[in-house]
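Grab a pencil and try each one before reading its solution.

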Amino acid sequence: MTRYKVFFILVLLLVVLIGGVFATQGVIEGKYNRIRNGPPYAVPAATSELQQKLFVADLHADSLLWGRNLLSRSATGHVDIPRLQQANVSLQAFTVVTTIPRHVNIERNAGSSDMVRYLAIAERWPPRTWNSPKERALYQAGRLRVFESESNGKLVILRSRSDLQKFVASREPLMVAALLGAEGAQPLEGKLENLNDLYAAGFRMMSPTHFTDTDVAGSASGQRKGGLTDLGREWVRSMEAKSMLIDLAHASPATLLDVTAIATKPVIVSHTGVKGTCNNARNLSDDELRAVARTGGVVGIGYWETAVCGRDARAVARAIQYTAKVIGMEHVALGGESGRRRTRFRSEAEHHSVMKPNSIPV
């Protein structure tokens, strides 16, 4: 063994030991997944009363990426089961992140770097996850199943349409339903058969891309920004055969149009903004909104600054109103970090950046 390898192993062990302590204490998430304005929060009584009467569903939260126990209330991050219960969020989509490029941005990213590897090491994930997006997805899915089993029936993972129907029909107070999704097709690792393992683990939603292009399709923030590949067309057919939701968040315009042209079932965009109120490369044009609506799908409006060009609820409401005007209210959903009024508004790239805060665009 060379001196370089010995040195590398020693450094790696040091990162694991030190990083594990920091991760356990929530320091990593506290630094990179911050809340801009802390409590107390003033909510009008009429607003709170209305919220408690609604069936609130939110299409995006990647809280499983961090090391917190989501069954416990936390002052870190934005989502845990007690806070979802308090805010009467009935259904929360948990979309796992498996890769993030260095210097992440919304314009152009290469897939040659992978910062989640270092987060996985720091949080003491199993070694099998360190170099495998698929294993990272399966690990995070396993964490959600543990939370379900230890929740005393307060958290239920939805695995079928009938599961959702039963939940809606018999939902008790303080119950939360979870929908497990993958943010990007990186967990496939270029092999469509891996979709079977992800499905068996509970995944019922997947997007073709995240911040980088994949073997399946081009990302809005990728280098090529192309459409569906041949593998991607097979992926669409396989997703529909399994009745899994196709999520077009982060998809390039070409990918979105390719998917909506061949989709035979509704597609969604779990978290986005619209160019009509916030014109940037991350957000959807009116034509893209209409393409999603033609499938019978829905568009989730996000709560961060890149999505809505603002840091308050008015900016989110403006985007929702605009989207409803273009495609109808039945095609508009919530796509924030959570379905709560207390979510802070920030750059999505900041939320996903693991190691390089100075490279974050605002």
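**Exercise 1.** Work out whether F55 counts as buried, partly exposed or exposed.

*Solution.* Start with the number: in this predicted model, F55 has a relative accessibility of 41%. Next, bring in the cut-offs: buried means under 20%, exposed means over 50%, and partly exposed is in between. F55 therefore counts as partly exposed, because its value is 41%. Now place it in the chain: F55 sits in the loop between α3 (45–53) and β1.

**Exercise 2.** Describe the largest pocket and what lines it.

*Solution.* Begin with volume, which is about 1100 Å³ for the largest pocket. Then go to the lining: of its 32 residues, L91, L164, L179, L245 and I268 are the closest to the centre. Sort the lining by type and you get 22 nonpolar, 4 polar and 6 charged residues. Last, ask which element gives the largest share. That's β9, with 3 residues.

**Exercise 3.** Find the loops that hold R124 and C309, and check their phi angles.

*Solution.* Take R124 first: look in the loop between α5 (116–122) and α6 (133–149). R124 is not a glycine, yet its phi is positive, about 60°. At 49% relative accessibility, R124 is partly exposed. Now C309, found in the loop between α12 (305–308) and α13 (313–327). C309 isn't a glycine either, and has a positive phi of about 55°. Its relative accessibility is 46%, so C309 counts as partly exposed.

Conventions: Residues are numbered from 1 along each chain as its sequence is written. This is a predicted model: local features need pLDDT of at least 70, side-chain atom pairs count only at pLDDT 80 or more; totals for chains, interfaces and linings use all residues. Side-chain values use heavy atoms; hydrogens and water are left out. On a 1 Å grid over the protein atoms alone, a cavity is a set of points where a 1.4 Å probe fits but cannot get out, and a pocket is an open set with protein on both sides within 12 Å along at least five of seven lines; lining residues have an atom within 4 Å of a point. Grid points are joined across faces, edges and corners, and a volume is the space filled by probe spheres set on the points. Helices (H or I, at least four residues) and strands (E, at least two) are DSSP runs, numbered from the N terminus. Ala, Val, Leu, Ile, Met, Phe, Trp, Tyr, Cys and Pro count as nonpolar, Asp, Glu, Lys and Arg as charged, and the others, Gly among them, as polar. Buried means under 20% relative accessible area, exposed over 50%, partly exposed in between (1.4 Å probe, protein chains only).
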